[in-house]
Amino acid sequence: MNGMATALAPELLLLAAALLVTALESIWPSKGLRLKAAVGLAALAGAFFLLPGAASVAPDALAGMWAGDALATVFKVAVLVAAALSLLIAVEEIGARSRAGGEYVILLLLAAVGMMVMISGTDLVLIFLGIELMAVSFYVLAGFTWFRETSAEGALKYVITGLFASALLLYGLSLVYGATGSTSLGALAGVGRGGEADALVLAGLAFLACGLAFKMGAAPFQMWMPDVLEGAPTPVAGYLAVGPKIAVMGVAARVFAGGFPDWFQLWGPVWWSLAALTILWGNLAALAQESVKRMLAYSSVAHVGYLLVAVVATGRNPAATGPLAFYLLAYAFMNLGAFGTLLWFERATGAEVTWRDLAGFGRRRPAMGAFFALFLLSLAGIPPTAGFPAKFWIFLEGWQAGYGGLVLVALLGSAIGAYYYLRVVYALYLLPEPETTAEVERRGEFSWLAYAVVLAAVGTLVAGVVPSFFVELASRAILG
């Protein structure tokens, strides 16, 4: 019992914090948002420090359904970083837009718990439960500003596509169980060891792959992502663009490379094709966008493709989970930083912005311009930012695994991506300012949002200039 409690301590702490915020919400509804957010941040920090202890517990915790290995630990670090930055970014914006700020903190914590359960799950049933806890929380978060038409529409699309993806996952799970009599990844690895593929198991794996591709937003299952991210409040959009990717990528690597390593010749080409299609689709669609928020939404689709390069490489080299973990850590900093700075711009202009609206903004508001340029350069993979070593390591791993063609597609996609990221930087500094510039009253620049952007910038620069700490941490995330 003590071992189980220790193994689950980070998740239990987050659940306890969610219950405490619920109690505070019942006592002070519509008040004390900063206190409730502080409880959430303290719980996220506490969960971070509990992770090493949880990882030291024997892997048979929770009847063998729970892994506290290095892969789970490193991916959970990325989840906690993403949740903490998202909470910092969201506090004032959600408080200004809605009277239900406490609910936001509760849902954010529950989504983090769902993602952590997914990452540690070594049984398909437990993984599915984690996915649903995460998804239900995000359904509500996506429609948090339901009174806006775009938010309600995006949330409705997310619910419909999410339920469809859950049905695919559940059907695939049932087929695998029907063919093998087990949902344990350890037992399933033994099933595939003979080299002969069972048609029912293959059908189950196909449904599982489609369901996971829906959840992560890989092409051709990405159609929900741009509309949902555009309609969601900007802080939620940042969390939604980062958090599920971390968890679902961890699940994909654990289920396919860990559960069915001997059938790699069957599932490898499927993920290869999805990766190439996702990279090209995401980047070409982002190229055509005027709205900066929609451009970031499509670029997040492209980044799913880059991450899938590492997932494919894990089939031949389990150590490829190291570059995958590093990329996700870097992505949490640079993408949440970009969404946080975009929120800063929206607060300054009072409206959603296109890249043309940012003409000369970098000269008029140098701090905001510098931070946004930093995050965009990192997303483009330009040194000395975190995006450069992240892309370099993941592409190198793909090349060494024998996927030169896929790496060339990824390089082409990166070149296209560099154009639309640099187009925004060009507008910030080199386009002339319009004669009349509408700008609302400056509100709390040195606020929780500012701290979140500064922290994201520090993480982006440190991981780019001195990546050794992050590389060492990510290198431990080897699939066992």
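## Helix packing and buried residues in a predicted model

Ala 47 sits in helix 3, which spans residues 33-55. With a relative accessible area of 0%, Ala 47 is buried.

- Setting aside residues up to four places away in sequence, Ala 47 touches Pro 10, Leu 13, Leu 14 and Leu 80.
- Ile 131 lies 84 residues from Ala 47 along the chain, and the C-alpha atoms of the two are separated by 20 Å.
- The largest nonpolar core has 189 residues, and Leu 14, Leu 212, Met 216, Trp 271 and Leu 308 are those with the most contacts inside it.
- Helix 14 (residues 321-349) gives this core its largest share, 19 residues.
- Leu 14 touches Ala 47 in turn, along with Ala 43, Leu 44, Leu 80, Leu 109, Ala 112, Val 113 and Met 116, again not counting residues up to four places away in sequence.

**Helix 6 against helix 7**

- Helix 6 (residues 124-142) packs on helix 7 (residues 149-180) at an angle of about 175°, and their axes are 9 Å apart.
- The two are therefore roughly antiparallel to each other, as angles over 145 degrees count as such.
- Helix 6 brings Leu 124, Val 125, Phe 128, Ile 131, Glu 132, Phe 138, Tyr 139 and Ala 142 to the contact.
- By class, the contact of helix 6 with helix 7 has 15 nonpolar, 3 polar and 1 charged residues.

**Helix 13 against helix 14**

- The axes of helix 13 and helix 14 cross at roughly 180° and come within 11 Å.
- Helix 13 is therefore roughly antiparallel to helix 14.
- On the helix 13 side, the contact is made by Val 292, Lys 293, Leu 296, Ser 300, His 303, Tyr 306, Leu 307, Ala 310 and Val 311.
- Helix 14 answers with Leu 324, Tyr 327, Leu 328, Tyr 331, Ala 338, Phe 339, Leu 342 and Glu 346.
- The residues of this contact divide into 13 nonpolar, 2 polar and 2 charged.

- Arg 294 belongs to helix 13 (residues 292-313).
- Arg 294 counts as buried because its relative accessibility is 17%, with the cut-off for buried at under 20%.
- The side chains of Arg 294 and Asp 227 make a polar contact (3.1 Å).
- Leaving aside neighbours within four places in sequence, Arg 294 is in contact with Pro 226, Asp 227, Glu 230 and Gln 289.
- Asp 227 is also touched by Gly 154, as is Val 228, not counting residues up to four places from Gly 154 in sequence.
- Gly 154 is found in helix 7 and, at 3% relative accessibility, counts as buried.
- Gly 231 is 77 residues from Gly 154 in sequence, yet the two are 5.2 Å apart in space, C-alpha to C-alpha.

**Ser 86**

- Helix 4 (residues 70-97) holds Ser 86, which counts as buried at 0% relative accessibility.
- Ser 86 touches Tyr 104, Leu 108, Tyr 239 and Leu 336, with residues up to four places away in sequence not counted.

Note on methods:
Residues numbered from 1 in each chain as written. Predicted model: local features only at pLDDT ≥ 70, side-chain atom pairs only at ≥ 80, totals over all residues. Heavy atoms only, no water. Axes fitted to C-alpha atoms, helices over the stretch in contact; angles between N-to-C directions. Helix = DSSP H or I, 4+ residues; strand = E, 2+ residues; numbered from the N terminus. Parallel < 35°, antiparallel > 145°, perpendicular 65-115°, else oblique. Contact = heavy atoms within 4.5 Å. Nonpolar A, V, L, I, M, F, W, Y, C, P; charged D, E, K, R; others polar. Buried < 20%, exposed > 50% of the residue type's maximum accessible area, 1.4 Å probe, protein only. Polar contact = N/O pair within 3.5 Å; in protein donor to acceptor, adjacent residues only side chain to side chain. Core = buried A, V, L, I, M, F, W, Y, C linked by side-chain atoms within 4.5 Å.
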